Amino acid sequence: MSFMVAFDLEGPLSPQDNAYEVMGRLERGYDLFERLSRYDDVLTLRGREGYEPGDTLMLLVPFLLAHGITAEEIAGVSLQAGLVPGAGETAGVLQQRGIPVFIISTSYCQHAHSIAARVGVPVDSVACTLLPLAEMSRRVTEEDRAFVREVERQLLDVPSADEAEIGRLCDAFFWDDLPSRDIGRLVQVRVVGGERKTAALSRFAARSGAGFGEAVVVGDSITDFKMLAAVDKAGGLAIVFNGNEYALPYGTCGVAAGDLTAILPVVEAFLTGGRAGARQAVEQLRPTCTETGPVYDWLASPRVSGEVIAAHRAFRQKVRGQAAKLG
């Protein structure tokens, strides 16, 4: 039987939210990112047609272009990113066992390829968001840059708690005003999130000869929930690692820990004993959980308890810091 393991990147492998840190290079860029990230969550929960979780990275592109951010700057920010403890070791153990390891990430490829190289995953085993900034920048007019900067000013003038007004401004900008301008055609970036993560998983599964029932996926946030749900439904192993409330309800099991190697006993049990083996491993590990972790829970049930969410929130904050609050 063939198996495969696929990791989300930001959270399970690296604590940095690269796009957040790139936006931090702009004056009040963090504030702008948080407004757009919350708007992304709202659009996802609203079920806007054609919109996928993680399309925040598409929403950011007009502002990156307006400020002249380059691909080299994104790669430079990525070089400052740390790795989650145990990330390289976990990927290495799986590869040594002969299990194909893939990365499926909403991240811009400038960041995803950098982290993949550091954990030993080849570029052709990475699905990520292509952002050809140099080509796009050559086609942006100064008039369009000024237009985007004015919208940015308006968004930042709105109190961050006023989600209704932020939503109104964003709706008008992204779906009415922007498409009528030349820059609107440039910024249609295809972000690898939501259903597109599931599609990437299908491509990697076909390549490795494994079905979703033989797949292990590791995710932590709203961009992963469709991929987690698809694998869980097929009888595979969907691990939520230091996840948030958007991801936990869709996982098979949860692992809250400060080191990614904590997932290895459960993965090994799945590889040798299938889903029943993984559940048995979680139930055996559960009594050994302490406040310092790891914390194991079997999630394949209709509801996730507040205790589980709290445990993951604590480790998410410990491992990811400021990025932990993002969707």
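**Kinks, rings and charges**

Me: What marks helix α14 in this predicted model?
Reply: A kink of about 145°, centred on Gly 273.

Me: What do the buried residues of α14 pack against?
Reply: Their partners include α6 (87–96) and β4 (215–219). Among the buried residues are Leu 264, Phe 270 and Leu 285.

Me: How many aromatic pairs does a search of the whole structure find?
Reply: Eleven.

Me: Why is the pair of Tyr 39 and Phe 174 called stacked?
Reply: The ring centres are 6.1 Å apart, and a pair needs them within 6.5 Å. The planes are at 15°, and the cut-off for stacked is under 30 degrees, so Tyr 39 and Phe 174 are stacked.

Me: What makes this pair a tie between parts of the chain?
Reply: Tyr 39 lies in helix α2 and Phe 174 in helix α10, so the pair ties together parts that are 135 residues apart in sequence.

Me: Why is Phe 102 called buried?
Reply: Its relative accessibility is 3%, and buried means under 20%, so Phe 102 counts as buried. Phe 204 has 8%, so Phe 204 counts as buried too.

Me: How do you know that Arg 48 lies over the face of Trp 175?
Reply: Arg 48 is at 3.8 Å from the ring centre. The distance limit is within 6 Å.

Key
Residues numbered from 1 in each chain as written. Predicted model: local features only at pLDDT ≥ 70, side-chain atom pairs only at ≥ 80, totals over all residues. Heavy atoms only, no water. Bend = angle between axes of the 7 residues up to and from the residue. Helix = DSSP H or I, 4+ residues; strand = E, 2+ residues; numbered from the N terminus. Buried < 20%, exposed > 50% of the residue type's maximum accessible area, 1.4 Å probe, protein only. Contact = heavy atoms within 4.5 Å. Phe/Tyr/Trp six-rings, centres within 6.5 Å; stacked < 30°, edge-to-face > 60°. Lys NZ or Arg CZ within 6 Å of the ring centre and 35° of its normal.
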